[in-house]
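Hi everyone, thanks for coming.

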Amino acid sequence: MFKEDLKHNMAAVIEFKDITRTYRLGDEVLNALDNVSCTVQSGEFVAITGPSGSGKSTLANIIGGLDKPTSGTVVVDGQDLSHVRDRQLSDYRNRHIGFVFQSFNLQGTQTALENVMLPLLFARMKPGERKARAKECLEAVGLGDRLKHKPSQLSGGQRQRVAIARALAVKPSIILADEPTGNLDSERGAEILKLLKDLNKQGITLVVITHDMSIARQADRVIQIKDGKIA
Ligand SMILES: Nc1ncnc2c1ncn2[C@@H]1O[C@H](COP(=O)(O)OP(=O)(O)O)[C@@H](O)[C@H]1O
Ligand SMILES: [Mg+2]
């Protein structure tokens, strides 16, 4: 192996090899992902784009350990996710990945602080430490003065900030954002992207799924998907 190749491989944080994800609905077989191979380097900001239904979320869910491929191998942070048990997969998720979704996915009955504390509960951190860490993360996204607000008492942009704080809480090596600005106006969307980019500059690998070209343009690299294949 060439030295350059070795360096290349060592820095890979996400490696997809021949990933296929098949859905069966009755007699119909649909390849949401069709033999996809790609690599994301540690510290990169990668945008994944493509039309609706092209397989972007399927790809994101496999990277994030929310779903498993039908065939192929996926290695994230040195761990082969294609062959682990569900329990290990959720441990992996809790320790390595920060998720940010289009619809925020916050707990409506809980405060901003409680929402951010939740993943730390799964990580079995002590209550006092959980609270301190959650507060720190909300401060980092500019919401230090909204700790006790519930999602319904926050604007869309603020809700997405809470979701980013929640993603940050576990000190993830990767932030995976699936259409993070999809429910926001363009100004709020730009603020959220700036926040994500700042985190990327601090060393967190950033994968953003988007069909917004103004976001994709800002990425180090764009992976384009069409009909379950890399275009
Ligand atoms: N749970 C599922 N069951 C059956 N088909 C699905 C399921 N999830 C996604 N699909 C199909 O897989 C394809 C890719 O979906 P998805 O990854 O969500 O696309 P995107 O995020 O690019 O819009 C679509 O054709 C979609 O209808
Ligand atoms: Mg999607």
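Start with the sheet: it's open, has 6 strands with mixed pairing, and its order is E6-E7-E8-E3-E9-E10. Strands here are DSSP E runs of at least two residues and helices are H or I runs of at least four, numbered from the N terminus, and two strands pair if DSSP finds at least two bridges between them. At the edges you'll find E6 and strand E10 (229–230), each with a single partner strand, so one side of each has no neighbour in the sheet.

Quick housekeeping. This is a predicted model, so local features need pLDDT of at least 70 and side-chain atom pairs count only at pLDDT 80 or more, while totals for chains, interfaces and linings use all residues. Residues are numbered from 1 along each chain as its sequence is written, with chains lettered from A and ligands numbered from 1 in the order in which they are written.

Now look at strand E3 (residues 45–49) and strand E8 (residues 205–209): they run parallel, joined by 4 bridges. Phe-45 sits opposite Leu-206 in E8. H7 packs on the sheet too, touching E3, E7 and E8, and its direction makes about 150° with that of E8. For those angles, axes are lines fitted to C-alpha atoms, for helices over the stretch in contact, and the angles run from 0 to 180 degrees between N-to-C directions.

Just after H6, Lys-171 takes a positive phi of about 50°.

Zooming out, the chain has 8 helices and 10 strands. Its radius of gyration (over C-alpha atoms) is 18 Å, close to the 17 Å from the globule rule for 231 residues, so the chain is as compact as a globular protein of that length; the rule is 2.2 Å times the number of residues to the power 0.38. Buried residues make up 40% of the chain's 231.

Methods:
Buried ≥ 20, exposed ≤ 12 C-beta atoms within 10 Å, placed from the backbone. Contact = placed C-beta atoms within 7 Å.
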